[in-house]
Amino acid sequence: MDLDRGKPVWPQVADELRRRIDAGTYAPGERFPAVVDLAAEFDVAASTVQKAVAVLRAEGRLRTVLGQGSFVVDELPSAEG
C-alpha cells in the first residue's frame, strides 16, 4: 500500500485495516496482527499503527484482551440505540 506522506498517515492505515476487516482478510474472531508487524508492513512507526488500532477499537471493530492481543469482533455494534 502506498501511503500519501503529505497527509496524516494514521487515518490512511486505519482505512486500510478497516477495508481488510470488511473484506474478511482478518476474519471475525481471528487474532489481529501485532502492532509491530503492521508497522513493519506499512513502514511506519508503531505509534502510528497504535493510533489506527485505537480508532478501530473505538468503532467496535476490534477488542483487546490484556496479555492476548487484539481480535476482530464477530459483529459490529448496532447503530440503533
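Me: In this predicted model, does D43 count as buried or exposed, and at what relative accessibility?
Reply: D43 is found in the loop between α2 and α3. Exposed residues are those over 50% relative accessible area. D43 therefore counts as exposed, at a relative accessibility of 58%.

Me: What is the phi of D43, which follows α2?
Reply: Most residues other than glycine have a negative phi. D43 is not a glycine, and yet its phi is positive. The value, for this residue following α2, is near 60 degrees.

Me: Which residues of helix α2 are buried, and what arc do they cover around the axis?
Reply: Helix α2 spans residues 35-42, and its buried residues are L38, A39 and F42. They lie on the same side of α2 because they cover an arc of only 105 degrees around the axis.

Me: Which residues are exposed on the other side of α2, and against which helices do the buried residues of α2 pack?
Reply: On the other side of α2, V36 and A40 are exposed. The buried residues of the helix pack against α1 (9-23) and α3 (46-58).

Me: Which element gives the largest share of the largest nonpolar core?
Reply: This core has 18 residues, and L17 and F32 have the most contacts inside it. Two or more residues come from each of α1, α2 and α3. The largest share, 5 residues, is that of α1.

Me: With which residues is L17 in contact, leaving aside its neighbours within four places in sequence?
Reply: L17 is one of the two residues named as having the most contacts inside the core, the other being F32. Nonpolar side chains tend to be buried together in soluble globular proteins. With sequence neighbours within four places left aside, the contacts of L17 are Y26, F32, L38, F42, A52 and L56.

Me: How far apart are the closest N and O atoms of E16 and R20?
Reply: E16 and R20 are separated by about one helical turn, being 4 residues apart in helix α1. R20 counts as buried, at 11% relative accessibility. The closest N and O atoms of this salt bridge are 2.9 Å apart.

Me: How many residues apart in sequence are the parts that R20 and E41 tie together?
Reply: R20 forms a salt bridge with E41, with the closest N and O atoms 2.6 Å apart. R20 lies in helix α1 and E41 in helix α2, so the parts tied together by the pair are 21 residues apart in sequence.

Me: Which residues are linked in a network of salt bridges?
Reply: The count of salt bridges comes to 8. Side chains of opposite charge can pair when their charged atoms come close. The residues linked in a network are D15, R18, D22, E59 and R61.

Me: Which residue of β2 is the bridge partner of T64?
Reply: Strands β1 (residues 62-65) and β2 (residues 69-72) run antiparallel and are joined by 4 bridges. Within β2, the bridge partner of T64 is S70.

Me: Which residue takes a positive phi near 85 degrees in the hairpin of β1 and β2?
Reply: β1 and β2 run antiparallel. Their hairpin has 3 residues between the strands, and the residue with a positive phi near 85 degrees is G67.

Technical notes: Residues are numbered from 1 along each chain as its sequence is written. This is a predicted model: local features need pLDDT of at least 70, side-chain atom pairs count only at pLDDT 80 or more; totals for chains, interfaces and linings use all residues. Side-chain values use heavy atoms; hydrogens and water are left out. Buried means under 20% relative accessible area, exposed over 50%, partly exposed in between (1.4 Å probe, protein chains only). The arc is that of the directions from the helix axis to the C-beta atoms. Contact means heavy atoms within 4.5 Å. A nonpolar core is a set of buried Ala, Val, Leu, Ile, Met, Phe, Trp, Tyr and Cys residues joined through side-chain atoms within 4.5 Å. Two strands pair if DSSP finds at least two bridges between them. A salt bridge is a side-chain nitrogen of Lys or Arg within 4 Å of a carboxyl oxygen of Asp or Glu.
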